[in-house]
Amino acid sequence: MKIVEPTVFELSAAGRTGFSLPASDVPEQPLDELLPARYRRSGLGLPEMSEIDVVRHFTRLSQMNFGVDTNFYPLGSCTMKYNPKINEEVAALSGLAELHPYQSNEDAQGALRLMYELQDFLAEITGMAAVSLQPAAGAQGELTGMLMVSAYHRARGDARRQVLVPDSAHGTNPASAHLAGMEVVSLSSDARGGVDLAALRSLAGSETAAIMLTVPNTLGLLDENLCQVTDIVHRCGGLVYCDGANLNALLGRARLGDLGCDLVQMNLHKTFSAPHGGGGPGAGPVAAREHLAPFLPAPLVAWHPGGYYLDYDRPQSIGRMRAFHGNFLVLVKAYAYIRSLGAEGLRRVSGDAVLNANYLLSRVRQAYDVPYDESCMHEFVASGRRQKAHGVRTLDITKRLMDFGFHPPTVYFPLIVEEALMIEPTETESRQELDRFADALLRIAAEAEQEPRKVQEAPHATRFGRMDEVAAARRPRLRWQPELAGE
Ligand SMILES: *Cc1c(COP(=O)(O)O)cnc(C)c1O
């Protein structure tokens, strides 16, 4: 029997409450006399529940949840690594968690120092001159970068506004460039998954404001011609923006600033281990080379002999991207992560992330096509096209993976791979866990040939079977319906 949790409205019982108030010691007044009619409404239909009903309801719901703390979560391009619990302890310190954003500089020296040092660490990790911690997510960091590109060219009296975006870029890249008022020009990939140099040479010119490169790209590959690509763009006066959301592959080994990148955003909630997903808070700091630093969002955290302070005196800044100082506690978690791992630890992160991805790739390629089959970085993209020949789609394969307790990988992305299956194991998984996952994928490939229905109708072992995801998004029915709840 499936036990499905009713909604709070189903659990409601008339007259039940979760609180009690002391007897009133002032005369009662009818509400009608105090409240103008337009504010009065009856029959709101709010659920009436006791405290224990509420606690049990939400605790049961939380137990249906799936997360990195319960199971392997190889969601490509998302870096769902384990988040060390020491980060949470540090972020919960009351001096940090309860600090008010309007606190004076003198009262917030510790927090300002933490942000100042984090700016410094991130500048060193990326090989850049200056960092703004303001952007609240990777995509907002990209938008920040594009606004800076635009401001840079405008300051030079140059109206160029084309941004070249390879077809292997993350989907947010063209969206961010467009939002910043730039004109997006798509750039094709070559047979080895890198930027097609001939195409780049024919498109780059006096109109090129920038190129946006996801590094490593969404195929999990580091473009072998990266330095040539940045060189071609620089020669025509364009800037190189790198999407550094996947820095997990490069930490402590390669610095984007050394590879010709002018601007880069990092996703602290991926690479630097703050819990994310489900729309939770993130942080997408932007790092800039010397010539672009004046355009960073103000204020930056600065230091003078009087202490740490917020530097608003930045006349060329593009202005604020967000209220206050970004998602501060995400910054604290990233700081705790960097300090607890140290330089050697961060270098091991990227080493193990790349090793894990290549180990998994070496096991999976026995049964699945890998269109760009080279050694990968932190992730790789397989294809379910061989299984599709048996009527089993990549979506079915990933639903079947849920029966074995794994979160489905990213699917149908990047668009240049048919039936794409994008897998990122991260460095925090053991070899045993990777083997369990590879075994499941190989078994599903065998099932696709021998008993395709089993895969097509998956999942079988989860609380709910296959959902109609389109209907769920377009025509949500939020009322409790016992007939849908199983026997
Ligand atoms: C996750 C990701 C983004 C978007 O980051 P958000 O924080 O979700 O806005 C951008 N680019 C790449 C390569 C990513 O992996």
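**Close-up views of a predicted model**

View 1. A backbone N or O atom of Ala139 sits 2.8 Å from an oxygen atom of the ligand. Keep in mind while looking around that this is a predicted model. In Asn267, an N or O atom of the side chain is 3.0 Å from an oxygen atom of the ligand. For Ser77, the distance between a polar side-chain atom and an oxygen atom of the ligand is 2.7 Å. So how much of the ligand's accessible area does the protein cover? On its own the ligand has 380 Å² of accessible area, and the protein covers 85% of that.

**View 2. Here is the shell of residues around the ligand.** Which elements give two or more residues to this shell? They are α7, spanning 138-155, and α11, spanning 268-271. The top contributor is α7, which gives 3 residues. Altogether, 14 residues surround the ligand. Ser77, Gly138, Asp243, His269 and Lys270 are the closest of them. Sorted by class, you'll find 8 polar residues in the shell, along with 3 nonpolar and 3 charged ones.

**View 3. Helix α7 turns up again, this time with α8 as its partner.** Two packed helices are described by the angle between their axes and the distance between the axes. Take α7 and helix α8, residues 172-179: their axes come within 8 Å and cross at roughly 45°. That angle is why α7 and α8 count as oblique to each other. As for handedness, α7 passes α8 in a right-handed crossing.

**View 4. Helices α6 and α12 pack against each other.** The pair here is helix α6, residues 109-126, and helix α12, residues 328-364. Their axes are 10 Å apart, and the packing angle is about 50°. The two helices, α6 and α12, are therefore oblique to each other. Is the crossing left-handed or right-handed as α6 passes α12? In this pair, the crossing is left-handed.

**View 5. Helices α14 and α15 cross.** Helix α14 covers residues 394-403 and helix α15 covers residues 431-450; their axes come within 10 Å and cross at roughly 125°. That makes α14 oblique to α15 too. When α14 passes α15, the crossing is right-handed.

View 6. Most residues other than glycine have a negative phi, and most peptide bonds are trans. The spots gathered here go the other way. Start with Thr79, which isn't a glycine but still has a positive phi of about 45°. Where is Thr79? Look in the loop between α3 (51-63) and α4 (85-91). Next come two cis peptide bonds. The bond from Val215 to Pro216 is cis, with omega near -10°. You'll find Pro216 in the loop that runs between β4 (208-214) and α10 (226-235). The peptide bond from Ala458 to Pro459 is also cis, and its omega is near 5°. Pro459 belongs to the loop between α16 (452-456) and α17 (469-474).

Definitions and conventions
Residues numbered from 1 in each chain as written. Predicted model: local features only at pLDDT ≥ 70, side-chain atom pairs only at ≥ 80, totals over all residues. Heavy atoms only, no water. Near = heavy atom within 4 Å. Polar contact = N/O pair within 3.5 Å; in protein donor to acceptor, adjacent residues only side chain to side chain. Areas by Shrake-Rupley, 256 points an atom, 1.4 Å probe, with all protein chains shown as cover. Helix = DSSP H or I, 4+ residues; strand = E, 2+ residues; numbered from the N terminus. Nonpolar A, V, L, I, M, F, W, Y, C, P; charged D, E, K, R; others polar. Axes fitted to C-alpha atoms, helices over the stretch in contact; angles between N-to-C directions. Parallel < 35°, antiparallel > 145°, perpendicular 65-115°, else oblique. Left-handed = near helix turned anticlockwise from the far one by under 90°.
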